[in-house]
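I opened this entry to get my bearings in the model. I went element by element and wrote down what I looked up.

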Amino acid sequence: MPSLGADMQFGTVVDWRVKPGDTVKRGDVVALVETEKGVIEVEIFETGVIESLVVQPGQKVPVGATLAILSADGKKIEAPPAKPAVISTVPAAPVKETAAPVTIPIVPAVEPSVRLRVSPLARKRAQELGVDLPSIPGTGADGSITIADVERSAERVKPAAPAVSPAVGAAKGLDLSAMRRVIAAAMARSKREIPHYYLSTTIDMRRALDWLAAENTKRPVTQRLLYSALLIRAVALALRTTPELNGFWIDNGFKPADGIHIGVAISLRQGGLINPAIHDVDKKNLDEVMGNILDLVNRARTGHLRSSELSDGTITVTNLGEQGVESVFGVIYPPQVALVGFGKITERPVAANGMVGARPMIEATLAADHRVSDGHRGGRFLVAIDRLLQEPEKL
Amino acid sequence: MRAAIRDALLRDERVFLMGEDVGRYGGCFAVSKGLLDEFGPERIRDTPLSESAFVGAGIGAAMGGARPIVEIMTVNFSLLALDQIVNNAATILHMSGGQFNIPLVIRMTTGAGRQLAAQHSHSLEGWYAHIPGIKVLTPATLEDARGMLWTALEDPDPVLIFENGLLYNMEGELAADAGAVEISKAAIRRAGQQISLITYGGTLFKTLQAAEDLAREGIDAEVVDLRTLRPLDTATIIDSVSRTHRALIVDEGWKSGSISAEIMARIMENAFYELDAPVARVCSVEVPMPYPKHLEDAAIPQVPGIVAAARRVVIGHE
């Protein structure tokens, strides 16, 4: 029974235009079906021989029910169901001559999916924890999934979860498929629930890089700074004036975070990524932040992160410059409400004061939750990052 | 109850008791035994067998400045006075534009379990809880039986007190200085973590017993005694359910269109996202109350049924 409109749930076969043994080809009208909207001719989309008619004239069946069995080249192309779900049998209504049958293409019917039994509390908690509900067994009444099932599942998934697991990348082995599942659940939830908006700006890095080069000449090799430390510091200081981007969306409301803990997206060599946080970046100096970055990358890749680092991020910074990317339009990591992306630094011609010069430019982007902030605030935040990077000595 | 009525008669000379057999016979449950001798026929008044007439007289007396306590033998008989209660007592303040309030207290017995059959044994207090303009009290504990009457008499509007017949003969200790209690809040009679058993009146002690039985199985149940069905203390219900995430309502009334249905509706309205299991009910079987003991026992909520229902809510099976 084809769906002859989005609101159609059932149809009644009024008459067959074919009988078993008939040869049909694509486009032939095979049956008349009555719906709330009138009598409609049903076309066939396969070529073959009608083997049997499953639904008799007068029977009302749901969309998706098998109406007839067709053999293509003598082979069955569709297995019959045990029994068609007959809703009601009524005498076949004579087709009214006045109601001219309308031929419309058949939209393949989608099987109605079985609705999962999940308690409201369990559903809410599963969203918070990023647990994929269909994959966990329910132990409540009638096999329903309860809060206990969700929390048990979260415990099990934890060792492989990005951004929530201390054991990610642990030497004893990494469940990449589980990690992928958790990333999938979190990212799908993010895109489903968070109304993202995106802004970007191009920042001149000349002063920052010049200052960095001068600074690094004074330092031993092991203590040299990378420009990513400047970026992270700039983000942290800019957040001080834009608290709407630093916090969590929980229970239908925004909760600003107490500190500024910047999650740094780190990709793992085996695949997958994690998002450990550098705590209180706004209160640390550049050396401390640099030390934290090196330490985190090292420990992330050897699997020795601490749980607080994995769960405490209040915003995420993704720097894909190393990968040659120009701009990053990221997916916010729930329950965070913003993600800052940086691309690679490239020399570009820039006009300033009537002169064109080559400048090292970087693209900074913001993906933010529109439930919490708007483009005006987001724009001010990007401008603040730019301004901070023009005074690198203060970072 | 007798102490409460006597106390009220002593405290306020506007208070009098009126009803069928309350005087010479001492009340059909002996609640007013001895009061006629102490207070005389002006204040302990036997009435004809006409609920509509003496409830109407009570309304008139209340309008005239008295503080009547009208006793109706059972809630089944109160239906004869439904017009007086619902169309007059509950509405006069509103329809007089606030000129006349009705400080009337009506007491009646409710509930089954005494083999008094379908004429005397129904639990219709939930029906009365439907009506704006009256308050519906359902004391279960000794303290509430003793203390709710005076608070009800002080209320400027009509108050109905439903006394479950099975509770009259329960024994317990009452403090010598026991007195008036507030009537606006439900009470947590037993604190617990895993399920809120919400009940009142005649099923309170069965529910407390069920909670004890559940505790032996490792299920920690909280017992909420509603105490007042109108106005219903929604906040206490929601607070409890929000902590336990599960609820079972135990009510001797029938399910259909009942106070238990109303409580479920409020939980859905206010605590849907706190629920970890469907809210369940243990109520009376929807039949006129049978007379034979074994059928009457089977018709009303009992401890094993409450335990089984709670188990199903908490662990998914009985």
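**Strand 21 of chain A.** I began with strand 19 (residues 338–342) of chain A, which pairs with strand 21 of chain A in the antiparallel sense over five bridges. Strands and helices here are DSSP runs numbered from the N terminus, with strands being E of at least two residues and helices H or I of at least four. Two strands pair if DSSP finds at least two bridges between them. I noted that Gly341(A) has Thr365(A) as its bridge partner in strand 21 of chain A.

**Ground rules.** This is a predicted model, in which local features need pLDDT of at least 70 and side-chain atom pairs count only at pLDDT 80 or more, while totals for chains, interfaces and linings use all residues. Residues are numbered from 1 along each chain as its sequence is written, and chains are lettered from A and ligands numbered from 1 in the order in which they are written.

**Other partners of strand 21 of chain A.** I found that strand 11 (residues 196–204) of chain A runs antiparallel to strand 21 (residues 355–369) of chain A, with nine bridges joining them. Thr365(A) of strand 21 has Ser200(A) opposite it. Strand 20 (residues 346–352) of chain A is also antiparallel to strand 21 of chain A, and seven bridges join the two. Met361(A) in strand 21 is the bridge partner of Thr346(A). Strands 20 and 21 of chain A form a hairpin with two residues between them, and Asn353(A) in the turn has a positive phi of about 50°.

**Loops of chain A.** I looked for a cis peptide bond and found one joining Pro334(A) and Pro335(A), with omega about 5°. Pro335(A) sits in the loop between strand 18 (315–319) and strand 19 of chain A. Asp280(A) is not a glycine, yet has a positive phi of about 45°. Asp280(A) is in the loop between strand 17 (277–278) and helix 6 (286–302) of chain A.

**Chain B in outline.** I moved on to chain B, which has 14 helices and twelve strands. Of its 318 residues, 49% are buried. A residue is buried if 20 or more other C-beta atoms, placed from the backbone, lie within 10 Å of its own, exposed if 12 or fewer, and partly exposed in between. Ten residues of chain B are in contact with ten residues of chain A; contact means C-beta atoms, placed from the backbone, within 7 Å.

**Helix 1 of chain B.** Which residues of helix 1 of chain B are buried? They are Ala4(B), Ile5(B), Ala8(B) and Leu9(B). They cover an arc of only 135° around the axis, so they lie on the same side of helix 1 of chain B; the arc is that of the directions from the helix axis to the C-beta atoms. Ala3(B), Leu10(B) and Arg11(B) are exposed on the other side of helix 1 of chain B. The buried residues of helix 1 pack against strand 1 (15–19), helix 2 (35–39), strand 3 (67–74) and helix 9 of chain B.

I then checked the packing of helix 1 (residues 2–11) and helix 9 (residues 142–154) of chain B, which comes out at an angle of about 35° with the axes 7 Å apart. Axes are lines fitted to C-alpha atoms, for helices over the stretch in contact, and angles run from 0 to 180 degrees between N-to-C directions. Among the residues making this contact are Ile5(B) of helix 1 and Trp150(B) of helix 9 of chain B.

I traced an open sheet of five strands in chain B, in the order 7-9-8-11-12, with mixed pairing. Strand 7 (187–190) and strand 12 (280–284) of chain B are at the edges with a single partner strand each, so one side of each has no neighbour in the sheet. The twist averages 25° from one strand to the next.

In helix 11 (residues 234–244) of chain B I listed Ile237(B), Ser240(B), Val241(B) and Thr244(B) as buried. These buried residues pack against strands 7, 8, 9 and 11 and helix 12 of chain B. His245(B) follows helix 11 of chain B and has a positive phi, near 65°.

Notes. Two residues are in contact if their C-beta atoms, placed from the backbone, lie within 7 Å.
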